[in-house]
Amino acid sequence: MALVPLLFLAVFFVWPVLTMIGRGLIVDGALDLSGFGEVFASARIRRVIWLTVAQAVVATGVSTALGLPLAFVAYRLRFPGRAVLRALAVMPFVMPTVVVGIAFRTLLAPGGALGGLGLDGTWTAIIAALVFFNISVVVRTVGVAWEGLDPRAGEVAASLGASPWQVLRTVTLPALAPAIVSAASVVFLFCATAFGVVLTMGGLRYGTIETEIYLQTVQFLDLRAAAVLSILQMVVVVSMLWVVSRTRGQDTGQRRGHRSGAAARPGAGHAAALVVTAAVVAFICAPILSLVTRSLRNQGGWTLEHYRNLSGSGEHNALLVTVWEAAANSLRIALVATILATALGLLVAITVGRPDRTARARRLRSAFDAAFMLPLGVSAVTVGFGFLITLNRPPLDLRTSPWLVPIAQATVALPLVVRTLVPVLRSIDDRLRQSAAVLGAGRARTFLTVDVPVLWRPLLAAAGFAMAVSLGEFGATSFLARDDNPTLPVVIYRLIGRPGTENAGMAMAGGVVLATMTVVLMGLVERLRVRGVGGF
Amino acid sequence: MVKYRRWCGVALAVVAAIGVAGCGGGDSARTDGDTTTVTVMTHDSWSAPDALIAGFEASTGYKLRFQSSGDAGEVTNKVVLTKDAPVADVVYGIDNTFATRAVDAGVLSAYVPGDLPASAAGFALEGDGADRLTPIDYGDVCVNIDDAWFADHGIAPPRSLDDLTKPAYRGLFVTPGAPTSSPGMAFLVATVGAFGESGWQDYWRALMRNGTKITSGWSDAYGVDFTAGEGNGTRPIVLSYASSPPFTIPKGGSRPTTSALLNTCFRQVEYAGVLEGSDNVAGAHAFIDFLVSREFQASLPENMYVFPVDDAVALPRLWERFAKVAPSPITVAPSTIAARRDEWLKAWADITSG
């Protein structure tokens, strides 16, 4: 069963990446490793490595710290507008980086609303933008786990006199640890390989390994340096995953039952979480409001003109298809990518999420687990150029195939699906499965009665997330999308690169459409979950 | 569980099979020996009126397929990387800063269209490149100024590259960076051409001391930092194109509020070429003939904001009046650019990030 996702990974990830690295390191048939010495000798590259790690660590820390209270409020409290809050929390993740970069810079530039902070072009601005994009991952992954957490252990602790803070620290957080670590590792990978955000917010001053690979490949065509940097990037990513798997290994003893806690009404005891949530919501809304404002303004006045223009081809034929057609393409592609990512992710999660009975099995599983995280940690440029030079001959001539874009998006979404499902599966008490087996249930029946009821909700959540990823994915998509079949982010990017107020306004309006589309879709998924599994 | 397992495997195998089958199917890639489709690799700015494309397809019987593949640099590098199994028949969008790299890599086959406009000769490459790449269009990358801002503030606008380093213009200039933006690269080359190999670095140090801001791309330099862009910019001097001013004619107005400094321009020339190993050489030739035809040349200004190499083609009215070309742009030989580009970029990065 594990073979299908492995094969997928091998063909659509490992092969292209290795071929691309091989181009750089194999010169005239012989392996040439002299590039390593040269690259490491450069003071600039050492600075780049340091900045990459520092940036990813700080952004991950901040995203996690701010995301936890939000996850609590959005998934454990009951109040009107909760669905809106949940959808809002996911919105940043799918916003096209170019548009958000410009929205952020509109705010932070000296003439902008927050220009007084003097943050334009600083390292802080990069971190803020990374947090903006990644907080969704924390809210979503941890929130879903939190929602399904059996509240009884906490209730017992409270009845024994533990303060809410003690319950959180000694019962809840340890129980959530697998989900938190999962989310943090995904965020780390996103931050360590961030590209568009880093360039837009900080120019080249705060270059990372990823921007360096881009420059070496696209500008200098120095494949040797690019290969060395790609390997370096993988080393950083793999060592991080190793650290994480060590952390995950510590079991908490807290088990999940079938009864998940009823959501509470917000009260005075939640003040701290509510304040942080309000602050984070304001932080998320600021660039989005700046975007909405720009989409509604033209030559000093308010107007809906940019939205009306979306059904045209832009000033001076900037577009080959209208923004609405691109939105339809996006939805179609997202549907295929979601099905692919969810199906493959489920297979991986079932393989990884089962308890291990021997140490060897455990090591094997964590290696398997890590393998599916790798696509997030490897440069999109390396993968993209790798696609170009590998998947170009029969029987796998996929370069212009309509399947390529959903496949690439599924590769990106797959780790998120796995990360959402694995903590849930891991937290199922294996004794439940053993009891079922003792009572005569076969393996399929055990799976259906023990795993599926718990897995069902997170699976829908994961599918929703995969869809959001696919809708917003730009890097791989722009590399692979066909001109007659572009997605919404690709079209927005095209508009923004053109002269003319009309095109810039349309790009902003397109960004708002994309964000709205995502919020509506996520809202629908939320409803589906409530209706479909209300009984659990 | 075993049954369940097998079932899943089968289902996914089916999905995978459909995937692979779908890929090999009818409307997919250019397959070997396909002589009815012409696959064109272009930069992201490609744009042409539908009617012209339909006309080409109707009169030649070829179907056109476009693959936009990033900026001029990415297009060139993709062409070089896929030398063994070319992904297209013809490439359009390699510019004079990258031309030599493509020619030297031997990825282009010789072709000169029979009815190349006489004025195109002035844009032809020297040496090997002359018959490998056909010039199609050109555009001048120039410093633009917001005349309205300078009038409002009662400051005399700058007139030359040297002026940009003067205290009066401190903190007023924004330009996209050379490694991440092709106009940014063109400006770097312009400064090399204007100040020479020995002087350009000092010029950039002076620019940086004078508070020059560097963004990653043209769109956020013009759209966020420039005072006449769409944002609330604070910098009235920006690096853009000679064709930008007509876009700043206010609604109801008749004159642009910005202008280009024509003595600061570097001329970017864009070329098309037939890829070595193309399986539709005749189709590729027909497409290049089409690119230099009167009709296509006339569509260039309105669609890609560039000037046609054919000087017999009439320009749009607004262009005639407000989008002037530089009378004598700053020039650097493409072969020099190809040989020195990497070193320039590295030195530039040290100066601007230090």
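**Helix packing and domains in a predicted model**

Modeller: In helix 1 of chain A, the residues A:Phe13, A:Trp15, A:Pro16, A:Val17, A:Thr19 and A:Met20 meet A:Thr382, A:Val383, A:Phe385, A:Gly386, A:Phe387, A:Ile389 and A:Thr390 of helix 16 of chain A. Contact requires C-beta atoms, placed from the backbone, to lie within 7 Å. Helices (H or I, at least four residues) and strands (E, at least two) are DSSP runs, numbered from the N terminus. This is a predicted model, in which local features need pLDDT of at least 70 and side-chain atom pairs count only at pLDDT 80 or more, while totals for chains, interfaces and linings use all residues. Residues are numbered from 1 along each chain as its sequence is written, and chains are lettered from A and ligands numbered from 1 in the order in which they are written.

Colleague: At what angle do the axes of helix 1 and helix 16 of chain A cross?

Modeller: Axes are lines fitted to C-alpha atoms, for helices over the stretch in contact, with angles from 0 to 180 degrees between N-to-C directions. Helix 1 (residues 3-25) and helix 16 of chain A cross at roughly 90°, and their axes come within 8 Å. Helix 1 of chain A is therefore roughly perpendicular to helix 16 of chain A (under 35 degrees is roughly parallel, over 145 roughly antiparallel, 65 to 115 roughly perpendicular, the rest oblique). Their contact comprises nine nonpolar, four polar and no charged residues (Ala, Val, Leu, Ile, Met, Phe, Trp, Tyr, Cys and Pro are nonpolar; Asp, Glu, Lys and Arg charged; the others, Gly among them, polar).

Colleague: Which residues of helix 10 of chain A make the contact with helix 16 of chain A?

Modeller: Helix 10 (residues 209-219) packs on helix 16 (residues 380-390) of chain A at about 35°, with axes 9 Å apart. A:Ile213, A:Tyr214, A:Thr217 and A:Val218 of helix 10 touch A:Val381, A:Thr382 and A:Phe385 of helix 16. Five of these residues are nonpolar, two polar and none charged.

Colleague: How far apart are the axes of helix 6 and helix 17 of chain A?

Modeller: The axes of helix 6 (residues 123-147) and helix 17 (residues 404-426) of chain A lie 10 Å apart, at an angle of about 25°. These two helices of chain A are therefore roughly parallel. A:Thr141, A:Val144 and A:Ala145 of helix 6 face A:Arg419, A:Thr420, A:Pro423 and A:Val424 of helix 17 in the contact. By class, it has four nonpolar, two polar and one charged residues.

Colleague: How many helices and strands has chain A?

Modeller: Chain A has 22 helices and six strands. Its radius of gyration is 23 Å, close to the 24 Å from the globule rule for 536 residues, so chain A is as compact as a globular protein of that length (the radius is taken over C-alpha atoms; the rule is 2.2 Å times the number of residues to the power 0.38).

Colleague: What domains does the assignment give for chain B?

Modeller: Bounds come from an automatic or database domain assignment, which gives domain 1 (33-138 + 268-322) and domain 2 (140-266 + 326-353) of chain B. Their C-alpha centres lie 27 Å apart. Domain 1 of chain B gives 14 residues to the contact and domain 2 of chain B gives 15 residues.

Conventions: Two residues are in contact if their C-beta atoms, placed from the backbone, lie within 7 Å.
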